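Student: I would like to learn how to read the fold and the chain contact of a model. Where should I start?

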Amino acid sequence: MPPILSVVYWAFAVLAVLAAAMCITRRNPLASALWLVQTLFCIAVLFTILHAPFIGVLQVLVYAGAIMVLFLFVIMLLNLGRSSGDLKGLVASAVGTILGVLLLFYVSPIARTSIPDAIVLPAGALDSTLVHQGVVGSVAGPLFDTYLVPFEITSLLLTAAIVGAVVLAKRKL
Amino acid sequence: MFTGATLAVSAVLFAIGTIGVLLRRNAIVIFMCVELMLNAVNLAFVAFAERLGVAGQIFVFFVMAVAAAEAAVGLAIILAVYRHKETVDLQHINLLKG
């Protein structure tokens, strides 16, 4: 592992957390959305470093590119850009923050998970899959083979969602 | 090689998303915080996929598809509520409050 990778990893990990913190504290929903886009980009970089470059590209295309544009579009459509702060009162904010920190303590043991050696892939296995089957092929292979049925159900779900969104958002059918 | 660190980052992002849901009143911002929590979990999935095989990455793919469907329907609901109430502030959307 080149040492520069470690530096890049930590830079983007810290940036992701900072951008997420900015996202939840900005008063303007538009600024919130753009900070969230920043977080999503940083997570895409982390995906790429973790040997999932295709998922990283999907993250930029689908999340930052499509879903967040939908959010920005709705914020602008409803003209919420200049709304004056929607943070809760001091007591509610303090209680919320304390609950969030408690949750962090509750989920943080996940960082010390020890995976049993018996089920861990041999070192470099994912690397060699990426090299032999290609960046897209390593994900697309199992997706259209082992996970074909869930994949088809996903397409059904997306169709239902599109129809549902049109029906809900239309003024008069 | 970054498994533990990535899981820690994932936990922090999830907690930040939760705090955002608890702190804000704007329905769209709360919705964005939920997306942040989904992404934190995706990060954990990819971290485990690096050690345990590509199935975790495929689950992330499905989570993204569900998130896209959720965003489309959720924002349509918010639009419909806005048309009815002229606000997205959850303080004023309290029909179920006793």
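Predicted model: local features only at pLDDT ≥ 70, side-chain atom pairs only at ≥ 80, totals over all residues.

Tutor: Residues are numbered from 1 along each chain as its sequence is written, and chains are lettered from A and ligands numbered from 1 in the order in which they are written.

Student: How many helices and strands are there in chain A?

Tutor: Helices (H or I, at least four residues) and strands (E, at least two) are DSSP runs, numbered from the N terminus. Chain A has 7 helices and 0 strands.

Student: What radius of gyration does chain A have?

Tutor: The radius is taken over C-alpha atoms, and the globule rule is 2.2 Å times the number of residues to the power 0.38. For 173 residues a compact globule would be near 16 Å, but chain A has 21 Å. The C-alpha trace of chain A spans about 55 × 45 × 30 Å along its principal axes.

Student: Which domains does the assignment give for chain A?

Tutor: Domain bounds come from an automatic or database domain assignment. In chain A they are domain 1 (1-83) and domain 2 (122-173), with 21 Å between their centres over C-alpha atoms.

Student: How many residues does the contact take from chain A and from chain B?

Tutor: Two residues are in contact if their C-beta atoms, placed from the backbone, lie within 7 Å. Chain A gives 71 residues and chain B 62 residues. Elements giving two or more residues to the chain A side include helix H1 (3-25) and helix H7 (148-169) of chain A.
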